[in-house]
Amino acid sequence: MSHCRLCESALHPVVGFGPMPIANGFLTPEQLTPERLAAERFFPLELAMCPACAMVQLVDVVDEAAMFNADYAFFSSTSVGMARHFGRFAADVKARWLPDDPFVVELGCNDGIMLRHFGAGRHLGVEPSGNVAEAARRLGLDVDDRFFTAELADEIRGARGPADAILGANVVCHIPYLDAVFDGVRRLLGPKGVFAFEDPYIGDILARTAYDQIYDEHVYYFSLTAVVGLAARHGLDVIDAERQPVHGGEVRFTLAHRGARPIHPRVGALAAEEATRGLGEPSTYDTFAAAVAASKEALVEAVRETDGPLVGYGATSKSTTVLNYCGLGPDDLAYISDVTPTKIGRYTPGSHIPVRSYAEFCADPPRHALLFAWNHAEEIMAKEAAWRAAGGRFLTYVPRVGWR
Ligand code: SAH
Ligand code: TMP
Ligand code: ZN
């Protein structure tokens, strides 16, 4: 029996995806030799939910240094759409929450995609992956390349004073020791300060059977219900909860010290919606598990029935779950096209499909492409309009398996 990382109650098992490699553990050609492959690391990817505190979570986690290091493959700024989104996030924080001469801390600032908008004032990025931290520094940003912990929070406050805003996008759900993070946030935040973070929303994952959001880096899958409970245990209020149309559906949670700021009506509205949908009920997750199994079956069938060669589009972290869970490999996909220089020339973790440059995709366009980067569909459909007009077709699997 496994127990909740946060409240220690017995967990309700949801789905087991089998042995899974590190989602961003793309292999170099040298690592493809049989001896080196034997060392490729797998862990059991299993999702569970806590009937007591409603937090959806991974049962086993990979140690953080194995995922977030100087070889981290994900550079945020590869998506123009996300750059725009973070420009708006930053503008919104400035307009709604910040005093004059604010001090802004961003957890997991990656290559600076959002922090750059605060670069003219007092700011600090906390980014343990050395290569992306270095990219942010090249933009003139101040970055500490350690993991955010309660101790680091105290150190930052001692050296630079309290924060007016602590921000995080797609990072808070990555951190297993969430209680320590919330404790650190409470200590670092000034009296009127806000903690605004956004992560994939379990409500959207369930609604769209987006099981590929489940991978090693995503330790938690937030509902407002679970976040309100966690915040309350740390003396914090959730003062806003806004749905965001990015990465397949996220919620931006804004927190403040208890009683420090009024609570927006959106919070009560989303809480009521979650209660109606049963997001704290184990049976809701049993329904999801059945939908995941059906989605896998439909995708494998669609891939095997594809007439002619198929390539992948976007070597996303999410694709690691799909490829390994569905048992797809180089016989099913000739290669996966990606724009990220650090992924090109490597091989997908576990499934060992070559990652090739987007230039190759353009030079010899295939007829069929499996869209792994479905969360960027709008941007990609616009970019590939000519290819589709010439007969190119995308196979998708979120929200359901089909061609478009
Ligand atoms: N905010 C960016 C990057 C998300 S990827 C975006 O939304 O695009 C997650 C980032 O969090 C990685 O760059 C990783 O190195 C960083 N990270 C992981 N654990 C962390 C921790 N404990 N403290 C701060 N950053 C962390
Ligand atoms: P993400 O889903 O984690 O944001 O990763 C998206 C991946 O897809 C990343 O490796 C970059 C790649 N990608 C492309 O190859 N072409 C594109 O047009 C976009 C938007 C992303
Ligand atoms: Zn719990």
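1. A residue is near a molecule or strand if one of its heavy atoms lies within 4 Å of it. Ligand 1 has 19 residues around it, and Ser76, Glu127, Ser129, Ala169 and Asn170 come nearest.

2. Some ground rules. This is a predicted model, where local features need pLDDT of at least 70 and side-chain atom pairs count only at pLDDT 80 or more, while totals for chains, interfaces and linings use all residues. Residues are numbered from 1 along each chain as its sequence is written, chains are lettered from A and ligands numbered from 1 in the order in which they are written, and side-chain values use heavy atoms, with hydrogens and water left out.

3. Polar contacts to the ligand come next (pairs of N or O atoms within 3.5 Å; within protein, one must be able to donate a hydrogen and the other to accept it, and residues adjacent in sequence count only if both atoms are side-chain atoms). Asn110 places a polar side-chain atom 3.2 Å from an oxygen atom of ligand 1. Tyr177 has a polar side-chain atom 3.4 Å from a nitrogen atom of ligand 1. Phe148 uses a polar backbone atom, 3.0 Å from a nitrogen atom of the ligand. On its own, ligand 1 has 570 Å² of accessible area, and the protein covers 98% of it (Shrake-Rupley method, 1.4 Å probe; for residues, only the protein chains shown count as cover).

4. The shell around ligand 1 has 12 nonpolar, six polar and one charged residues. Here Ala, Val, Leu, Ile, Met, Phe, Trp, Tyr, Cys and Pro count as nonpolar, Asp, Glu, Lys and Arg as charged, and the others, Gly among them, as polar.

5. Helices (H or I, at least four residues) and strands (E, at least two) are DSSP runs, numbered from the N terminus. Buried means under 20% relative accessible area, exposed over 50%, partly exposed in between (1.4 Å probe, protein chains only). The cover includes strand 1, strand 2, helix 10 and strand 13. Gly327 follows the helix with a positive phi, near 65 degrees.

6. Ile380 sits in helix 13 (residues 377–383). It counts as buried because its relative accessibility is 6%. Beyond neighbours within four places in sequence, Ile380 is in contact with Tyr313, Leu371, Ala373 and Phe394 (heavy atoms within 4.5 Å). Gly81 is 299 residues away along the chain, yet the two C-alpha atoms are separated by 10.0 Å.

7. Pro245 lies in the loop between strand 10 and strand 11. Pro245 counts as exposed because its relative accessibility is 77%.
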